[in-house]
Amino acid sequence: MKTVNVNIVTPDGPVYESAVEMVSTKAQSGELGILPGHIPMVAPLEIGAVRLKKEGRTELVALTGGFLEVRPEQVTILAQAAEPATEIDIERAKEARQRAERLLQAQQDNVDFKRAELALRRAMNRIDVYENKM
């Protein structure tokens, strides 16, 4: 079966490198599915999971957003942060969710609600990716 090389990179370095059969992720314009030979494109990504189909199984990586560059034989994802499902510290993610929920419920003037909302979305994404790992 044909494959496409995938690199997921953060400022701290590479997070994932492999040849896969299909890449699925959520861009700001909607859900994207990328197969080998896809037309070149660049797209901004939402907070969400990258699903990587490889040898009949699906691997998941949690992203905090970023950019996707597609070339016919190469997909590169540049993200501020990314974690493979197998490396997510679920207790830390649950604590982050609780902190964000407390901030959002506090109704205090000194709380940056947009920042707390983004922290909640990131934590929920990490929890979802961890719970759906295969």
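The model is predicted, so local features need pLDDT of at least 70 and side-chain atom pairs count only at pLDDT 80 or more, while totals for chains, interfaces and linings use all residues. Residues are numbered from 1 along each chain as its sequence is written, and side-chain values use heavy atoms, with hydrogens and water left out.

Helices (H or I, at least four residues) and strands (E, at least two) are DSSP runs numbered from the N terminus. Buried in α2 (under 20% relative accessible area, with exposed over 50% and partly exposed in between, for a 1.4 Å probe and protein chains only) are Ala116, Leu120, Ala123, Asn125, Arg126, Ile127 and Val129.

In α1, the buried residues are Ile90, Ala93, Ala96 and Ala100. Because they cover an arc of only 120° around the axis (taken from the directions from the helix axis to the C-beta atoms), they lie on the same side of α1. These buried residues pack against α2, whereas Arg102 and Gln105, on the other side of α1, are exposed.

## The ends of helix α1

At the N-terminal end, aspartate 89 caps α1, with a side-chain oxygen 3.2 Å from the backbone nitrogen of glutamate 91. After α1 comes glutamine 107, whose phi is positive, near 55°.

Technical notes. Contact = heavy atoms within 4.5 Å. Polar contact = N/O pair within 3.5 Å; in protein donor to acceptor, adjacent residues only side chain to side chain.
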